[in-house]
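Please look over the sequence and the structure shown here before reading the briefing that follows.

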Amino acid sequence: MPDHGKLRLHNVTHVYVNDGGASLAVDSLNLTVSQGEFVSLVGPSGCGKTTVLHLIAGLLRPTRGEVTIGGAPVTEPSASVGYMLQQDYLFPWRTIQDNATIGLAINGKLTPASKSRVRMLLQELELSGTELRYPHELSGGMRQRVALARTLATEPDVMLLDEPFSALDMHIKLQLEDLVWDTIRRRGQTAVLVTHDLAEAAAMSDRIIVLGRNPGRIRLALEVPEELRRTAPMEARRHPSFQPLFERLWEEMDIEDVAASVVDARTERNGQHDEKV
Amino acid sequence: MTRKSNIVSQETNSEWLAGLYTSHKTRSRQRTIAVMLVRAVILILFIGLWEAAGRNKWIDPLLFSFPSRIGNLLLDMIRDGSIWSHVGMTVGETVLGFVLGTLVGTLIAALLWWFPFVSRVLDPYLVVLNSMPKVALGPIFIVALGPGFTSIVVTTLSVTVIITTLNIYNQFREVEEGLVKVVRLFGASRLQTFRYVIIPASFPVIISTLKVNVGLSWVGVMVGEFLVAKLGLGYLIIYGFQVFNFTLVLASLVIIAIVATVMYQLVTILERRLTGGRRER
């Protein structure tokens with residue numbers, strides 16, 4: 001990997017402090033993602049995957065260490081980093097068009113030109129005709145596509161995907177994986193995907209990072225073979241190189257689980273920080 | 001249901017469905033008519049019995065009056081126009097009471113949301129104020145603000161503001177966290193979060209609070225008018241009571257029932273207008 005990554009985490013440590021005490025969620029994490037690279041974070045629940053994503057987005061400030069994007073330290077959320085959440089969280093009182101443009105409205109960039117760009121974007125995501133409808137009139141897959149449009153509308157150059165497909169039916173999930181993969185590649189965006197689905201990670205990414213739990217540390221980084229990177233996710237799952245990669249990941253997670261259960265048995269920890277903001 | 005086999009033409013099937021639908025519609029219309037009829041019968045029976053009881057002295061007509069007397073009095077008041085100033089006064093006070101009550105309550109709720117520290121500090125005071133019967137403060141307002149319109153409206157506000165604040169502030173805090181996160185991720189300021197998420201998400205609750213406040217305002221206005229007014233429906237009731245004219249008391253109650261119902265219906269229509277198009281998921 002080149003030295004000047006688009007996105008860098010230097011020695012990032014995060015501690016959650018609340019009435020129950022202080023607990024280490026992420027411990028001295030170092031990670032560099034280069035421009036246009038697609039990296040997946042996988043790991044058991046409670047390994048701090050989502051915390052890492054929140055740190056990159058600027059929703060959380062690292063307790064120690066630093067996150068930089070394009071060389072500049074991240075201090076607060078900004079529209080140049082797109083974030084897709086597990087659920088679509090569309091605003092029920094806004095039309096689809098107004099939902100898709102909310103990021104522009106917040107940043108004072110709502111112009112006729114940007115509006116027509118969003119309309120094109122909705123078209124590109126096969127949502128034309130829904131512009132004036134309300135979210136409750138749309139199916140789950142369509143709603144998540146609107147959420148994607150909303151994220152892309154502000155033209156971010158880094159995309160953070162926080163298990164955006166986990167709440168969807170299998171075949172819609174596969175279609176959406178292809179769509180997101182394709183959109184991100186075509187825009188040359190840098191992406192970080194958090195998922196618990198190993199196949200999804202293997203099918204979509206250039207590099208897969210396996211995190212160990214309690215606290216979050218990198219256990220292993222796997223480069224995805226060149227031929228898989230170039231193939232769209234649905235096709236990639238049928239590629240001969242897919243199965244060996246998947247099995248390698250599976251094995252790694254198995255070891256991690258056994259190790260974790262041994263640790264759990266020895267010391268009771270108040271884990272599960274993963275879901276907290 | 002076994003009337004049709006699998007091999008049936010599309011034609012007969014759709015006819016059959018249309019038939020089922022028509023008979024369902026007929027049945028539901030009949031039911032609606034029956035309900036209306038029974039309602040009307042109850043009303044007519046009530047008024048008729050009351051009239052008969054009053055005329056035949058089964059009940060004391062001095063105390064309970066009877067419908068034709070009340071009706072005549074109402075007609076007289078409409079004819080000489082004296083009724084309108086009373087209705088106007090009371091409606092004015094009530095409308096001002098529930099609109100201002102909702103606005104001020106929402107404003108204070110916004111303040112509490114904006115400054116969590118203030119909200120923690122004020123929490124016990126709000127609880128005490130909420131459990132207190134605030135109309136009991138009426139005499140103090142009258143002395144401080146002078147007898148009349150202002151002190152009646154302030155008495156009304158004392159009834160509506162605190163409960164509005166508590167309800168709306170609770171709603172503010174219960175707004176879906178994910179929606180707040182979405183705008184924060186776009187770099188929204190606190191004011192933008194309030195404007196784009198908190199207020200629109202709480203809008204249905206604010207409107208329904210407006211409806212509750214219509215009822216509460218009537219209580220505040222009645223108490224205020226009982227205490228000081230020289231004009232208004234509450235004044236008419238107290239006046240009728242003092243001169244032992246219960247026909248006047250009951251006539252005022254009839255007007256209040258009508259005006260309060262109209263007001264409530266108007267707010268319901270407003271609610272439907274303002275929240276139309278959106279539905280919770």
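A residue is called buried if 20 or more other C-beta atoms lie within 10 Å of its own, exposed if 12 or fewer do, and partly exposed in between, with C-beta atoms placed from the backbone. By that count, 42% of the 277 residues of chain A are buried. This is a predicted model, in which local features need pLDDT of at least 70 and side-chain atom pairs count only at pLDDT 80 or more, while totals for chains, interfaces and linings use all residues. Residues are numbered from 1 along each chain as its sequence is written, and chains are lettered from A and ligands numbered from 1 in the order in which they are written.

**Chain A as a whole**

- Chain A has 10 helices and 10 strands, where helices (H or I, at least four residues) and strands (E, at least two) are DSSP runs numbered from the N terminus.
- The radius of gyration of chain A, taken over C-alpha atoms, is 19 Å, close to the 19 Å that the globule rule (2.2 Å times the number of residues to the power 0.38) gives for 277 residues, so chain A is as compact as a globular protein of that length.
- Along the principal axes, the C-alpha atoms of chain A fill a box of roughly 60 × 50 × 40 Å.
- Of the contacts in chain A with a separation of 6 or more, 72% are between residues 24 or more positions apart; two residues are in contact if their C-beta atoms, placed from the backbone, lie within 7 Å.
- An unreviewed UniProt entry places the feature "domain: ABC transporter" at residues 7-238 of chain A; UniProt positions follow the numbering used here, feature names are shortened, and annotations may be inferred rather than shown by experiment.
- The span of residues 7-238 of chain A is 34% helix and 28% strand, and its end C-alpha atoms lie 31 Å apart.

**Confidence**

- The average pLDDT of chain A is 87, and 91% of the residues score at least 70; pLDDT is the predictor's confidence in each residue, from 0 to 100.
- Over residues 265-277 of chain A the pLDDT is below 50, although this stretch has 24 contacts in the model beyond near neighbours in sequence.
- Where pLDDT is low, the predicted coordinates should not be read in detail.

**Strands of chain A**

- Four strands of chain A form an open sheet in the order β2-β1-β4-β5, with antiparallel pairing; two strands pair if DSSP finds at least two bridges between them.
- The edges of this sheet are β2 (21-33) and β5 (72-73) of chain A, each with a single partner strand, so one side of each is left without a neighbour in the sheet.
- Five bridges join strand β1 (residues 7-18) and strand β4 (residues 64-69) of chain A in the antiparallel sense, and Thr13(A) has Arg64(A) in β4(A) as its bridge partner.
- Strand β9 (residues 207-212) and strand β10 (residues 217-223) of chain A pair in the antiparallel sense over six bridges.
- The hairpin of β9(A) and β10(A) has four residues between the strands, and Asn214(A) takes a positive phi near 50° there.

**Arg207(A)**

- Arg207(A), in strand β9 of chain A, has Glu223(A) in β10(A) as its bridge partner.
- Arg207(A) counts as partly exposed because it has 18 C-beta neighbours inside 10 Å.
- Leaving aside neighbours within four places in sequence, the contacts of Arg207(A) include Glu37(A), Val39(A) and Leu222(A).

**Contact between chains A and B**

- The contact takes 21 residues from chain A and 18 residues from chain B.
- On the side of chain A that touches chain B, helix α3 (residues 102-106) of chain A gives the most, with three residues.
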